[in-house]
Amino acid sequence: MRACYLAACTALGVEPASALAVEDSPVGARAAQAAGMTVLGVGGLTRGPYVHAHVPGLDDAALGRWLAGW
């Protein structure tokens, strides 16, 4: 799955270190982290070794505050 994230970054012309992955699964979070991306966990995916930040949902006010500082 890491290759999917790297391919997406290449297609968009973005370095993985400058990209944000929004994930709700541990497998996806690990893949994004392995690709060198910052990982935002959503829903049941809480902070952990692969998740840099967490919000309960994409409509959470904390998301806007976190993105402003990212």
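Buried here means under 20% relative accessible area, with exposed over 50% and partly exposed in between (1.4 Å probe, protein chains only). Helices (H or I, at least four residues) and strands (E, at least two) are DSSP runs, numbered from the N terminus.

**What I am working with.** I noted that this is a predicted model, where local features need pLDDT of at least 70, side-chain atom pairs count only at pLDDT 80 or more, and totals for chains, interfaces and linings use all residues. Residues are numbered from 1 along each chain as its sequence is written, and side-chain values use heavy atoms, with hydrogens and water left out.

**Faces of β2.** Which residues cover the two sides of β2? I listed T38, L40 and V42 on one side, with V39 and G41 on the other, and all are buried. I reminded myself that side chains in a regular strand alternate between the two faces of the sheet.

**The sheet.** I then traced an open sheet of three strands, ordered β1-β2-β3, with parallel pairing. Two strands pair if DSSP finds at least two bridges between them. The edges are β1 (20–23) and β3 (53–55), each pairing on one side only. Direction ignored, neighbouring strands of this sheet are turned by 25° against each other on average; the axes are lines fitted to C-alpha atoms, and angles run from 0 to 180 degrees between N-to-C directions.

**Bridges, one side.** I looked up β1 with β2 and found four bridges in the parallel sense. A21 stands opposite V39 in β2. Between these strands the chain passes through helix α2 (residues 26–34), and this β-α-β crossover is right-handed: with the strands pointing away from the viewer, the path from the first strand over the helix to the second runs clockwise.

**Bridges, other side.** Strand β2 (residues 38–42) pairs with β3 over three bridges, again in the parallel sense. G41 stands opposite H54 in β3, and V42 has V55 as its bridge partner there.

**The whole chain.** I counted three helices and three strands, running α-β-α-β-β-α from the N terminus on. Buried residues make up 33% of the 70 residues.
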